[in-house]
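Colleague: I am new to reading models like this one. Please walk me through a few features.

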Amino acid sequence: MDYKVQVGVQSHLEQMGPLDDRTMEDLDDECLFPSEMDAQKTQSVDPNQHISVSGSLPFNGNKMTRNGVYKSIKTVVFSNKLNLLMPFGPLAILVHKMTDSSGWVFFLSLLGITPLAERLGYATEQLAFFTGPTVGGLLNATFGNATELIISIYALKSGMKRVVQLSLLGSILSNMLLVLGCAFFCGGLVYHGKEQVFSKATAVVNSGLLLMAVMGLLFPAVLHYTHTERIVGKSELALSRFSSCVMLLAYAAYLVFQLKSQTDLYVPLGEEVNQNGENLDNNDDDEDEAPEISKWESIIWLAIMTAWISILSDYLVDTIEGASDAWNVPIAFISVILLPIIGNAAEHASAIMFAMKDKLDISLGVAIGSSTQISMFGIPFCVVIGWMMGQEMDLNFQLFETATLFITVIVVAFFLQEGTSNYFKGLMLILCYLIVAASFFVHEDPPTDDQSKQPGT
């Protein structure tokens, strides 16, 4: 304290300046006012008052933090009616612990994952506001397929190679036929008096990548069923791994091309002119597209949703065979039809929403872009991950599945070649998906030598 007083006196004397040119009255005035100011400072530095102020700052900070957390939870969890299905996730874990009913555990896990997949897409969209339209579009495509990739990795870890193949194949078929078909159908009903248009250039690029993916899946299957391998059981796997690396390289080149040369691929059409040459009201779009949560809140929710989906995916994969036996439904149907519909919930909703806003390029980017990512990244990625795990994951999806994918790509490419859409084209795609679903319902997956985990249905 003595040191502080000494410094205070010294600074006060310095402020007063030299005494030679001053009168005694000036000195008295200067001594009077600093005395009052010192008294005020002494009162402001009262120990009790200091403790109360310093103690109120953490209190206010904690209150603001609690309010922010409550607001974030209210926005993410309680703003969507689909989140009413969230309690089915913990209920699935409880049923798994208390009973041996694989069918109920699988069904409850499936219901529990549904809102999580949708909220994962929501958090990705919120994060996209802070990254720009191009990177945001890539984030939407990436995390939109996160559910399928997580389920595939858990199935691959359990040695269920066919479940991985069929679920990824089902995601491609679901996006190309069901999601795109519903987008065309709903958009066509809203704009029934005219045809909606989209960029043919983008559709051609994605169709070319899908045909390349079909080529990568076709050759291992043909090599296997024609019995023309140089080394039986080895050439097919080696070709699959080499083709997967090439497909990953092609997808990386596509990303560079998209980010550097096609930066307007995911630019919202509301910022420019709509597809029919009419000006859009940017003010309404800006109000509708304002971020609801912050950047770090989006990242935290992405981590939470991904972790929760991973937990439920483990239960889902463990009970898929028991559910198939309990329901008398082929595993192929469950993997190709049921799992992708749940995983594609976010893409399904967003594609329809954008189509009904006459933003068909974005709907096409969501549906076809997601199929392109699964075929050119998801499937080769699982082959490489299986390689690292010691699992012989290959690109031989068998003849029935490969033929289904090939015909689907041809049909969708035929519908996209004109660059226009209407509700009739959407209806045709939906009906094609129903034919595919019926085909897998009556299809019996033939057992193979390396199919140790999955019995023939």
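**Rings, helices and burial**

Modeller: Start with Phe333, which counts as buried because its relative accessibility is 16%. Buried means under 20% relative accessible area, exposed over 50%, and partly exposed in between (1.4 Å probe, protein chains only). This is a predicted model: local features need pLDDT of at least 70, side-chain atom pairs count only at pLDDT 80 or more, and totals for chains, interfaces and linings use all residues. Residues are numbered from 1 along each chain as its sequence is written, and side-chain values use heavy atoms, with hydrogens and water left out.

Colleague: How many aromatic pairs are there?

Modeller: First the rule. Rings of Phe, Tyr and Trp (its six-membered ring) pair if their centres lie within 6.5 Å; planes under 30 degrees apart count as stacked, over 60 as edge-to-face and the rest as tilted. By this rule there are nine aromatic pairs. Take Trp104 and Phe107: their ring centres are 6.1 Å apart and their planes stand at 80°, so this pair is edge-to-face.

Colleague: Where do Trp104 and Phe107 sit along the helix?

Modeller: Helices (H or I, at least four residues) and strands (E, at least two) are DSSP runs, numbered from the N terminus. Trp104 and Phe107 are three residues apart in helix 5, so about one helical turn separates them. Trp104 is exposed, at 53% relative accessibility. Phe107 is partly exposed, at 35%.

Colleague: Which parts does the pair of Phe333 and Phe441 tie together?

Modeller: Phe333 and Phe441 are also edge-to-face, 5.2 Å centre to centre with 85° between the planes. Phe333 lies in helix 14 (residues 331–343) and Phe441 in helix 18 (residues 423–442), so the pair ties together parts 108 residues apart in sequence. Phe441 is partly exposed, with a relative accessible area of 43%.

Colleague: Which residues form an aromatic cluster?

Modeller: Tyr251, Tyr254, Phe377 and Phe381 form one.

Colleague: Is Thr124 buried or exposed?

Modeller: Thr124 is buried, at 1% relative accessibility. It lies in helix 5 (residues 102–128). The side chain of Thr124 reaches the backbone oxygen of Leu120 at 2.7 Å.

Colleague: What does Arg119 lie over?

Modeller: A charge sits over a ring if NZ of Lys or CZ of Arg is within 6 Å of the ring centre and within 35 degrees of the ring normal. Arg119 lies over the face of Tyr122, 4.2 Å from the ring centre.

Terms used: Polar contact = N/O pair within 3.5 Å; in protein donor to acceptor, adjacent residues only side chain to side chain.
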